[in-house]
Amino acid sequence: MSLQNFFKSLISHSTPRRAIRRRPPASRLRFEPLEERRLLSLSPPVDYGAGLSPLAMVSADFNGDGRLDLAAGNHDDGTVSVLLGNGDGTFQAARTSSAGTGPPQLVAGDLNADGNADLVTVGIWNYPYFLNVLLSNGDGTFQTPQAITLPALFPPDYTGSEPLGQGAISAAVGDLNGDGTLDLIAGGKSAG
């Protein structure tokens, strides 16, 4: 048998092969355009005037225009300065209101449900420590501070017969009882 006949015999007598089914790949590579990405960049600093020794800051919409404003608690002159936001990262000149005492802590919230952001100031430099509520006039200024006195108490291991007064050292606002009205929370320190 010749070599040619041998190959013909292999081809003519070969068993039929089954078609091989190829499975589609489990996942196909797709190229999609990436979303636009932005890098953080900071503008040069801008100095804005406030009162003497601004030690605390908080942001809220103090004039109801939908833009964030800044409030600074000024320790040395016992005031609060509000810088109304222009909506572009800049602020107007400060509007100053009395804070009662030099506040090293400020808390903002609508405490009387009139739609204006009010302020709570805490002054802790000299005992008694002060807690004041400043209700907003709706234009970035505030009414006369209303002092809040924390209740006297009998601290643990205190042996005196009269309760000790306490001063506020911190404050926060939140709707604690779910009635839709902000509540004022204060942490205090006793005089003894």
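Four strands line up as an open sheet in the order S5-S6-S7-S8, with antiparallel pairing. Keep in mind that this is a predicted model. Strand S5 (105-109) and strand S8 (146-148) sit at the edges with a single partner strand each, so one side of each has no neighbour in the sheet. Going from one strand to the next, the twist averages 25 degrees.

**Inside the sheet**

- Take strand S6 (residues 118-123) and strand S7 (residues 130-134): these two pair in the antiparallel sense over 5 bridges.
- If you want a spot to look for in that pairing, find Leu119, which stands opposite Leu134 in S7.

**Aromatic pairs**

- How many aromatic pairs does the structure hold? The count is 3.
- One of them is Tyr48 with Phe91, an edge-to-face pair with 5.6 Å centre to centre and 90 degrees between the planes.
- Tyr48 lies in the loop between helix H1 (3-12) and strand S1 (54-60), while Phe91 lies in the loop between strand S3 (79-83) and strand S4 (95-98), so this pair ties together parts that are 43 residues apart in sequence.
- Tyr48 counts as partly exposed, at 33% relative accessibility.
- Phe154 and Tyr158 make up another aromatic pair, this one tilted, with 6.1 Å centre to centre and 40 degrees between the planes.
- Tyr158 is partly exposed too, with a relative accessible area of 29%.

**The salt bridge**

- Side chains of opposite charge can pair when their charged atoms come close.
- Here the count comes to 1 salt bridge.
- Which side chains meet in it? They belong to Arg67 and Asp65, at 3.9 Å from N to O.
- The pair makes the list because the cut-off is a nitrogen within 4 Å of a carboxyl oxygen, and the N to O distance here is 3.9 Å.
- Arg67 is partly exposed, with a relative accessible area of 38%, and Asp65 is partly exposed as well, at 34%.

**A look at Gln166**

- You'll find Gln166 in strand S9 (residues 166-174).
- Is Gln166 buried or exposed? Gln166 has a relative accessible area of 17%, and buried means under 20%, so Gln166 counts as buried.
- A polar atom of the Gln166 side chain lies 2.9 Å from the backbone oxygen of Pro151.

Methods: Residues are numbered from 1 along each chain as its sequence is written. This is a predicted model: local features need pLDDT of at least 70, side-chain atom pairs count only at pLDDT 80 or more; totals for chains, interfaces and linings use all residues. Side-chain values use heavy atoms; hydrogens and water are left out. Buried means under 20% relative accessible area, exposed over 50%, partly exposed in between (1.4 Å probe, protein chains only). Rings of Phe, Tyr and Trp (its six-membered ring) pair if their centres lie within 6.5 Å; planes under 30 degrees apart count as stacked, over 60 as edge-to-face and the rest as tilted. Two strands pair if DSSP finds at least two bridges between them. Axes are lines fitted to C-alpha atoms, for helices over the stretch in contact, and angles run from 0 to 180 degrees between N-to-C directions. A polar contact is a pair of N or O atoms within 3.5 Å; within protein, one must be able to donate a hydrogen and the other to accept it, and residues adjacent in sequence count only if both atoms are side-chain atoms.
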